[in-house]
Structures are given as C-alpha cells and as structure tokens.
Amino acid sequence: MSTSIEDFKRTLNALDSQILASVRNSLCQACHPISLRLDEILNATDKADFHPGTRDSTGNIRLATIGHVFSSYHECSFCSLALRLILRAKERHLYHAIRSIPLVEETLITLDAVREALTSLGSTTVSKTSSMANSSSSLSDDFEIYDPEDLILQISVDAVCDYGAISLWLPLSDSEDVDDNEFQLFLHPEDYRAIMADAQKPEATLMIPKPLNRETRDIDLMKRCLEYCRKNHDKCNQSAAPNTEALQTAPSRLIDVVDMRLVPTNPGIHGHVDLQQVEYVALSYVWGRDPFFTLQSPNLSTLCEKDAFRDPAIKLPQTILDAIEVTKFLGYRYIWIDSLCIEQDSTEDTFTQIGSMHVIYAQASLTIVAAVGDSAQHSILHIDPNQLSNKYHTVGGLRFCLDRPEFEEVVASSTWATRGWTLQEITCSDRFIFFTPERTYFSCAHGNWNEDLPLDESVSPEQYQRYLRDEDPKGLGLDMEIGGDAQKASATYVSMAEKLSTRNFTHDKDVLKASLGMYTMYIGDGLGMAVAGLPLSYLGAALMWQPNGVLSRRRCEGIPSWSWASWTGPISYPLGRLDGLNIELTLDWFIDAVRTSPGYIPYLQVDVRIATVAQHMLRAPGKEPSYRYSGESPPPVLRRRIVTPKERWQQDLAIAEKTMLTFRGTICSFPIRIRERDHTLQASGQVHFCSIFSSPEASENMDNAELIGEMRVDSGTLQSFFPDEFSRAASNMGIATNVELLAFGLLDFSLEHVQNVLYLNRYSRRGNFSPEFLALVEANPDMVLVMWLFRHPGEPHITSRIAVGYVLRSRWDEAVKERGQIREWIRLH
C-alpha cells in the first residue's frame, strides 16, 4: 500500500461510516452492565455518590476483549462506539502496519484487514475466534500468555456525573500512554442537563463537545482567533516583533498577495518593502515529488511585475493558491513561500536563505500549516463534511459520542509531520493556523481553538488551561530548554537529533541543511560549532548515538557514517545528554570537510586538548585532497588560525557536503555475539544487544562471566555492511564473530547522571542496556567507549562506523597489552 496517511485516514473514515450504518440501539450481553449502571445514576437522588474511577478501580465494569468488540459491533451500540474509538486511537500504528501487509490496496482496507494489522502490532487482545481465523488472511498462532485482567477493556460509568463522560481504558497490552490516561465517551449536552438537572458541574459543561454539523471549514473562526490573539496576547505579539539584526538577511523577498507579484526586501533594490514596517505570513507545507512552478533566476524579473502570478501560463499548485487566498482573507498583504521566494537554481541564494530559515519563520506574524496531503496539489480549504460532525450512539437511552480529536495527534498523523523541513518550521514559529483533514486549528502561546471548540471569550484563562486546552503540536518540535548554557543546549540537541533522524527528505542531503537553523538558533551558543551535525566540543559524547529501530543509509554519500544524519530511522542518545559526562577522549583526530558550492572549501583540524580552537586552511574551490593519511603525524600542510564563533564559514562547515573524521587511535580485535532480542525491551525485534567477550570460547558459549562489554546494533545497519551474513529473518544473529573496535574515549558509569539513567533502564522498558550489561557495569563502572569499524575492501585506511558501545577499561588494557597495540591514522567516513 503506497497511499498517504491522509488518504488512509479518509479510508478509516469510510470504515467509521460503515460501522455507524450497522449500529443498533441495543447492547450485547457483555455491555449490558453499562445500561444498568446508567439506570442507577438516573434514578439516584444524590449524584454526589458517584465518582470517576481509575484503571482497576473496584467500581469499574470489566467489559470484554477487543476481539469481542470486533465480533459484536454490528449488534451492539456500545461495541460499535468502542470500535470507532480503537480505529482513532490506533490510527498511526494501523497505517504503518497495514502498509507492510502484502497486496493490501487502499480500496481493499476492511475491518478484517485492520484486525490483522492489530495482530501484527503485537496486540494480544485480538481473539482468534473471529471470522478472520477462517479468512484468507491467516493470523499468527504465537500468542503470549498474559493475566486475563490485562486483556480486557475497562469502563467507569460513574464519570458521567463529574464531567459528562464514560471513561474507557484499553487493555494494558494496547495502552499507549505512559501515564495511562483514559479515553472519554461524552454525553450529548442535552442528556447531561437532563441527568444532572440542578447539579451540573461547570467543568463538565465546558468539556462536553458541542454537537457539530458543518459543511465547510470555519475560516471566520480562524480570523476571529487571530484578531483576539493580536489584541490580547502580549507574549505572542512580543515574540512576533521584528528583530532588526535578523531581518537584514532574511527573507530576501515576499509575495504581495494584492499586486500578485514578488517584492524584494533589500533596501538597496528599487521597490523594496521594509521588513520592519510590514508583517508577513509564512507557509509550511509538503512539496511532494511532482514538479511544479518555482522561482528560477531567468523568471525572477518577470515575477516582480504586477499581476505576474495572475498570468494563466503560471500554474501554481492548489496548496499555494489557497494559502494566498487565506492570507488575503486574514488581512495580510505579504506571504513567504519557499518555492517562490528562493531562487531554486541559485546555490548562493539557496544557501543564504536556508541558513536564515529559522529567522524567516520566527519573524513571521503567522504560519499557515498545510497538513492535508502528501503534496502541494491538495487544497487546504476542502474538507469532507463527514469529518465535521459528531456521531452519537444510544446507550441505555442516552446519546454518547467520541471525544473531539486530539490536536497534537491529528497533526502527528499527517505526511507534513514526517517531513524533515517541517521540524524546523514548527519549532521556530509561534502562531499558527493548521489545516488538517479533520479540523482547522488556530494555535498560539496561550491556547488553541477549532470547529469543535470555538473561541469563547467568557471562559477564563484558568478554566481554559485546566479543562479545555489540547496538547499543543509544538510538542512535535524540539524539546527545548532555552538558554545559552551547555546543559540546556545539550538537551535541545539530543531532541533535534532524535526527532530529525525519523524525518523524510525528498533529497536526503538536505538533512544537515534542515538542522542548521535550529542548531544556530537554539544550540550553537551552548555547544559551539558543529561538523556533519555533531558539535565538535562534545565530539566523544556526540558519537555515542545508537539505533532505536531499523536504520537505512540515506542516499547521500557525502554525509559520514559516524553522523546520525547519514541514517534514516529512529536513533537515541542512551545517556540523554552530551554535557556533564566528563568523557576523556583517547585519540588524536581532525576533521576533513569539503564544500563544493561557490566560495571556498574549509579544512578543519581540531586538537582534542583545545577543542574550542579551530585551525583551518583555504584551498581552491571544488578540489578534494588527494593524499592519504597514515603514519605518526597529520599532514603538515594544514595552516593554523583561530576563528571566532561569528564567522560565516562555520555555517559552511556545518552542512559540508563531504566530511571525514581522520584519527590516530588504538584498535583491538574482540569476539562478539549478537543476542536474541528480549521481548520486553526490544519490541521491534530489529534492534539487538551485541555482547563483547574476552575470548572466542566465551563468545561461543555465551559465558556471561567473561562478558566485558556491549554494543547496540540494528538489523538494517548490519545488512548495509554485511548483506550476506545477516538477514532480516535474524537466522545469523546468534553467530559469534571477531570485530575491530576503536577506543575513542573513557566514561565513568558511576557518575550520578549516568546512574540515574541506568536506574530508569532497570525498572522501565527503555531497553538501552541489557540486564547482563547492567550487572557488569554495576560492579565495574570504569568503561572505554568503543566503535565497531568496517574497513572498506581494497582501502584498509578507509573505514565506516557500524556501532558504538562500551568495554571494561581493565579488560581493554589487558587485551591491548596481550595482543599488541595498533595505533594508526585512519579515515572514518
């Protein structure tokens, strides 16, 4: 299945309508206690005796398994409501699971296919007794044994008195929330008033969704929210105030939506607009793979003429046309759109504007987010009327509906949220209008509103924050701790690397360009300059990233293997930070970076003892070094010069197209063995603990007494380097082998922060370290940081990174002494 997630959501919406069409106003035997409890509440004289419960409260109704819900939805009103809830709650998971099922096309997605996908996700609550068991889609027979209480849905009916809703908990094995928040099924407002009469609670009247039955998006509401924010939110207006210094470089031009032409912003150009005097909107959207009209150097002068964009010969994609209309409706005159405001064929203009992208979005008065499809051809104004309606089920004579869609989850379930550039755009912007297939949302620092929850100026800010505000999609951006110190910058950097690694790019080489603005804006002051996405002053810690799922190499040879940016897929920094680890580097190294675009090519050497002092030389553009690095000394041709943090060449270096790490360090061979996964720690089945042993015999026998270290490796990386030895079926995962490890640093695992991380690992499902390694490091905390090297055939001095890990320092020193020290200059790319 190659459909976009937006199309998949529309398919689920059709299934939702199918479920509704089959609803009967009756309950199955399992759900009958819900009706009885509602009768008790209706007939009670004192509603104060009823209180909402939590999971496993004694008053909860143990309903049934998800398998029962699938089997009974067409006969039971509550089962059908619960099934609709499951489809929404598992939407993103189902999308990825169904995509992996062979021969499933969008038009063939049925409830049976959804059920099979839930099984593939590891849902143990999908019963094999359904019609699926006899269908052509066979189910796995590998069902694990759980406590029966973990396999059923739980219901708290008593919550209708407090906030007008039935609380529902999915089975533990299917629960997504760390804090196990319940789902809510809300009463119709009229039914709540009838039940509670004079005992209505103010918070319930606020929380209950108002009946919604619209045909179109409520753009008037968006305009009203914007005007209210501009008038009353000092914080939002302050963050949108122009920064004089920043606006000197970006944006270089805007679209005038009245004259429908490009206008320059450079004061030296005739007809320019003053960025300190005007406000503009920025568009964040998905380009897609189909080409469309863009700004090029030859058409620049034409597009600066009045009515240029009204020329029928210029075919703009629908997303852009709609964004221009929305901009005019909201009362703005200017909008910035990357495809029309950056010369796409000019390396210099592209580089300058990309380097200032964070400024462009941070200074925009409003960002329009087009999260409606997988390309710029989708209209942001169109919406399926079925999306804008609350559908009620009758249960015990009362009407219930699903809760309003969660704002952050709606945005997260979009192609837009998977694209690399949009991470920077949501992080740097402050005020938004989100267009999604479900709803239209206005969001700012004080609140968010939509068709379900329109702006109500009579609701106090305290009430709004406590009862109504959805999770902000800004949470999809960086987890930021603003400030110039290393600790805050480190936390922000880890968030950037972990989130950007899962994002997709049309051109993979853009991953470093997409990180540049965020690094400059939030990280650089604290961590210093970066090369290939890694901060040089914390290189030892920055090299410690590990796979958190299956990785594959990005289609860009220039980004080195030792940078997380060269891989696509989930990665993590197991210790959660770069600063405060007191890593002592054990090798000599320098960076060899090449930028082939106009200007010059910087070559950088950094002494590990004075990492904040950079030394570089200038060479002719486009030429690459032809010499090999080997021997006892680095090439003598490097000239030394101390640079200041403000020099522009540091930005050049941060996104250098070809970067190698050249080092002289100690390399030693050790036997390793890849352990079979632990189900509770490695749910994906594609990430493995790689144990390091003291001898081949210990490795063969998996002798934990001779375990001396560990690495974490994924099957995707193994297949990249060893396509014949390792297969996705993991049939070779238990084979012992001998590998070369490079020692690059020393780390004391007794540090307080590291001990806190290990504690969390022992008593949670984080899975960054195996139980065997935790036992090892508890007794011997002094570790050597190591990197598993792959030597390129025919080029022994050219290596790549396979994985990183830890070896007991005492055992490393013993091995080096016994086997002899290998210390050589090698290029790692």
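## Strand pairing

Strand 2 (residues 154-156) and strand 3 (residues 165-169) of this predicted model are paired in the antiparallel sense over 3 bridges, where strands (E, at least two residues) and helices (H or I, at least four residues) are DSSP runs numbered from the N terminus, and two strands pair if DSSP finds at least two bridges between them.

An open sheet is formed by 6 strands in the order 1-2-3-4-11-10, with antiparallel pairing. Its edges are strand 1 (61-62) and strand 10 (393-395), each of which pairs on one side only.

## Packing of helices 5 and 6

Helix 5 (residues 91-99) packs against helix 6 (residues 111-120) at an angle of about 95°, the axes lying 9 Å apart; axes are lines fitted to C-alpha atoms, for helices over the stretch in contact, and angles run from 0 to 180 degrees between N-to-C directions. The two helices are therefore roughly perpendicular to each other, a term that covers angles of 65 to 115 degrees.

From helix 5, Leu-94, Ala-97 and Ile-98 meet Ala-113, Val-114, Ala-117, Leu-118 and Ser-120 of helix 6, contact meaning heavy atoms within 4.5 Å. The residues of this contact divide into 7 nonpolar, 1 polar and no charged, with Ala, Val, Leu, Ile, Met, Phe, Trp, Tyr, Cys and Pro counted as nonpolar, Asp, Glu, Lys and Arg as charged, and the others, Gly among them, as polar.

## Confidence and conventions

The protein chain has a mean pLDDT (the predictor's confidence in each residue, from 0 to 100) of 81, and 81% of its residues reach 70 or more. Over residues 595-649 the pLDDT is below 50, and this stretch has 121 contacts in the model beyond near neighbours in sequence.

Residues are numbered from 1 along each chain as its sequence is written, and side-chain values use heavy atoms, with hydrogens and water left out. Local features need pLDDT of at least 70 and side-chain atom pairs count only at pLDDT 80 or more, whereas totals for chains, interfaces and linings use all residues.

Terms used: Angles under 35 degrees count as roughly parallel, over 145 as roughly antiparallel, 65 to 115 as roughly perpendicular and the rest as oblique.
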